[in-house]
Amino acid sequence: MKRALFPGSFDPITNGHYDIIKRGVKLFDEVIIAIGVNADKKYMFSLEERQHFIEEAFKGHKQIKVMTYEGLTTDFCKEVKAQFILRGLRNPADFEFEKAIAHTNRKLSKIETVFLLTAARTSFISSSIVRDVIRNHGDYAQLVPKSVRVK
């Protein structure tokens, strides 16, 4: 079984993430969406809310699992027997950042990273942009899956 881990904070999940995951399940038998927990990071949405947003967005997709983890992504990959890390790239800056992480991960664990380019229609979307739109009471509906709702 080819299993990929798609790690991130997903604060919140965006349509860019959604697109990468939907395309990733065509390449892998299973995709685990892994919500990383970092005690030093301040999130807009709680871990439970982020997990709920993702689970609702992919309800009924048996190839997709949602899990949370702390620590090194490569350690979690070993724990869940994922042979691949799936990452999306929006722009050259993403590539440079992700390339360094992918080289480090491969050095530490032999786990391969697979990059997918985001769709042109979602390449401008980031979680930080979505959070800014939400904080300023803007219309964020077209930037995130329908499951993302602000109280």
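Tutor: A residue is called buried if its relative accessible area is under 20%. That cut-off applies here to a predicted model.

Student: Is strand β2 enclosed or open, and why?

Tutor: Seven of the seven residues of β2 are buried, so this strand is largely enclosed by the rest of the structure.

Student: Which way do the residues of β2 point?

Tutor: In a regular strand, side chains alternate between the two faces of the sheet. Here Glu30, Ile32, Ala34 and Gly36 point one way from β2, whereas Val31, Ile33 and Ile35 point the other way; all are buried.

Student: Which residues is isoleucine 33 in contact with, beyond its neighbours within four places in sequence?

Tutor: Nonpolar side chains tend to be buried together in soluble globular proteins. The contacts of isoleucine 33 include Phe6, Ile21, Ile54, Phe58 and Val66. Ile33 is also among the residues with the most contacts inside the largest nonpolar core, which has 27 residues. The elements giving two or more residues to this core are β1, α1, β2, α2 (47–57), β3 and α5. Apart from it lies another core of ten residues, Ile32 and Cys77 among them.

Student: How many bridges join β1 to β2, and in which sense do these strands run?

Tutor: Six bridges join the two strands, which run parallel; the partner of phenylalanine 6 in β2 is isoleucine 33. From β1 the chain crosses through α1 to β2 in a right-handed β-α-β crossover.

Student: What is the pairing of β2 with β3?

Tutor: β2 and β3 also pair in the parallel sense, over six bridges, and alanine 34 stands opposite methionine 67 in β3. The crossover from β2 through α2 to β3 is right-handed.

Notes
Residues are numbered from 1 along each chain as its sequence is written. This is a predicted model: local features need pLDDT of at least 70, side-chain atom pairs count only at pLDDT 80 or more; totals for chains, interfaces and linings use all residues. Side-chain values use heavy atoms; hydrogens and water are left out. A nonpolar core is a set of buried Ala, Val, Leu, Ile, Met, Phe, Trp, Tyr and Cys residues joined through side-chain atoms within 4.5 Å. Buried means under 20% relative accessible area, exposed over 50%, partly exposed in between (1.4 Å probe, protein chains only). Helices (H or I, at least four residues) and strands (E, at least two) are DSSP runs, numbered from the N terminus. Contact means heavy atoms within 4.5 Å. Two strands pair if DSSP finds at least two bridges between them. A crossover is right-handed if, with the strands pointing away from the viewer, the path from the first strand over the helix to the second runs clockwise.
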